[in-house]
Amino acid sequence: MKQTLILFILLNTSLSYSQNETTSTKLFTKNIDSIQFSIWDIQTKEMSTASSEEKEYEKEYEKELGSVTLSNKDKDLLITNLLNPKSYNGKSALLYHYNLIFDLYKNDSISVIVKISTLTGNITIDNKVSGVYFRNNCTLQFGEVLIALLDYYDFSNYFNEVHLNGITDHTTTED
C-alpha cells in the first residue's frame, strides 16, 4: 500500500511539472535567418466603444504602422529572451489584443509568429512549421527588452505610457 501511494505521488508530481513547461526547442530554435518586427494599430470588438447614435460597436480593423528587419544583434537578443523561461510569468489577461508582431524567418519563409500586446503583456508564439502553440505573459525583464527595441527602431512615438502598461507595469509581472 505504501509503495502504491509513493508511486501515485511521484506520477502525479511529474505530471504537474510537465504542465509548467515554458518555451522550449519544440517551439523554435536559435537557427532563425531573420526577424521582421512590425507594429500595428488594431481595433477589435472587445476594444471598441459603442457609438452614441447606433449603439453598435465600431468595426474591427488593423493597420500596420511600421515595419523593420531586426539587426543580427537584436535578433539574437530577442531569441535569447524568447527562449528564457524568466521572460514569462504564467499569467494571461483575458483581453485578446496584440500590436507588436515578430515574424521569424527560416529559409525565406515564416516559421514562427510572435504576437505581443503592450496593453496586457500577453504573448502568443505560433510555430507554423510544427504547429506548436504557446501563450503566456511577459515579465518586466522581457518588457524592458521590448521597450529598448521600440526605442531603437523609433517605434516608441506610436505609444503613450498607458499603451505600454502591459510590458512596463509591475502588477503584470512576477510578484
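**The largest nonpolar core**

Reply: The largest nonpolar core holds 31 residues, of which Phe37, Phe102, Ile116 and Ile125 touch the most other members. A nonpolar core here is a set of buried Ala, Val, Leu, Ile, Met, Phe, Trp, Tyr and Cys residues joined through side-chain atoms within 4.5 Å; buried means under 20% relative accessible area, with a 1.4 Å probe and protein chains only. At least two residues of this core come from each of β1, α2 (72–83), β3 (100–106), β4 (109–116), β5 (122–127) and α3 (140–152), and α3 gives the most, with five residues. Helices (H or I, at least four residues) and strands (E, at least two) are DSSP runs, numbered from the N terminus.

The model is predicted: local features need pLDDT of at least 70, and side-chain atom pairs count only at pLDDT 80 or more, while totals for chains, interfaces and linings use all residues. Residues are numbered from 1 along each chain as its sequence is written, and side-chain values use heavy atoms, with hydrogens and water left out.

Leaving aside neighbours within four places in sequence, Phe37 is in contact (heavy atoms within 4.5 Å) with residues including Val68, Leu70, Phe102, Leu149, Leu150 and Phe155.

For the protein as a whole, buried residues make up 39% of the 175 residues. Its secondary structure comprises four helices and six strands, in the order α-β-β-α-β-β-β-β-α-α from the N terminus. Among contacts between residues at least 6 apart in sequence, 65% join residues at least 24 apart.

Terms used:
Buried means under 20% relative accessible area, exposed over 50%, partly exposed in between (1.4 Å probe, protein chains only).
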